[in-house]
Amino acid sequence: MNVEEAAKQLEALGNPTRLQLYRTLVRAGHGGLPVNQVQQRLGIPASTLSHHLQRLIRNGLVTQERQATTLICRAVYPAMDALLGFLADECCIEEGCSEASGKAA
């Protein structure tokens, strides 16, 4: 992952409604949730939900799949893992931390 991609994903998650939406889908698991259930859980209008979903889809954090007449939304777990990894990969790299340096004296 590069800085630009991470910044776009973090910006998309920086909105409280989108963050709540994303967390709802992450909690739902790999099966995802139908749009109407997401709307009920969040208590937001369909147009607002659609706007926020499109932003998360555009940034690779969510997918949608049509199953007959139902639209299923899913979190993209590899994208979430990549973003979290990007944020944590270089943790304390300049400090030269080791297992021993993290312990209290």
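Predicted model: local features only at pLDDT ≥ 70, side-chain atom pairs only at ≥ 80, totals over all residues.

User: Sheet first. What is the strand order, and is the pairing parallel or antiparallel?
Analyst: The order is E1-E3-E2, in an open sheet of three strands. The pairing is antiparallel.

User: Which strands stand at the edges?
Analyst: Strand E1 (33-34) and strand E2 (62-67). Each has a single partner strand, so one side of each lacks a neighbour in the sheet.

User: How many bridges join E2 to E3?
Analyst: Six, with E3 covering residues 70-75. Valine 62 sits opposite alanine 75 of E3. Threonine 63 has arginine 74 as its bridge partner. Glutamate 65 faces isoleucine 72.

User: And how many join E1 to E3?
Analyst: Two, and these strands also run antiparallel. Leucine 33 is opposite cysteine 73 in E3.

User: What about the hairpin of E2 and E3? How many residues are between the strands?
Analyst: Two residues. Alanine 68 in that hairpin takes a positive phi near 60 degrees.

User: Which helix packs on the sheet?
Analyst: H2 does. H2 touches E1, E2 and E3, and its direction makes about 90 degrees with that of E3.

User: Switching to helices. At what angle do H2 and H4 cross?
Analyst: Roughly 75 degrees, with the axes coming within 10 Å. H2 spans residues 16-28 and H4 spans residues 46-58. The two helices are therefore roughly perpendicular to each other.

User: Which residues make that contact?
Analyst: From H2, Thr17, Arg18, Leu21, Tyr22 and Leu25. From H4, Leu49, His51, His52, Leu53, Arg55 and Leu56.

User: And what is the contact by class?
Analyst: For H2 with H4, six nonpolar residues, three polar and two charged.

User: Salt bridges next. How many are there?
Analyst: The count comes to two. In one, the side chains of arginine 55 and glutamate 11 meet at 3.5 Å, N to O.

User: Where do arginine 55 and glutamate 11 lie?
Analyst: Arginine 55 is in helix H4, and glutamate 11 is in helix H1 (residues 3-13). The pair therefore ties together parts that are 44 residues apart in sequence. Arginine 55 is also one of the H4 residues in the contact with H2.

User: Is glutamate 11 buried or exposed?
Analyst: Exposed, because its relative accessibility is 52% and the cut-off for exposed is over 50%.

User: Which side chains meet in the 2.6 Å salt bridge?
Analyst: Arginine 74 and glutamate 65, with that distance taken N to O.

Technical notes
Residues numbered from 1 in each chain as written. Heavy atoms only, no water. Axes fitted to C-alpha atoms, helices over the stretch in contact; angles between N-to-C directions. Helix = DSSP H or I, 4+ residues; strand = E, 2+ residues; numbered from the N terminus. Parallel < 35°, antiparallel > 145°, perpendicular 65-115°, else oblique. Contact = heavy atoms within 4.5 Å. Nonpolar A, V, L, I, M, F, W, Y, C, P; charged D, E, K, R; others polar. Pairing = 2+ DSSP bridges. Salt bridge = Lys/Arg side-chain N within 4 Å of Asp/Glu carboxyl O. Buried < 20%, exposed > 50% of the residue type's maximum accessible area, 1.4 Å probe, protein only.
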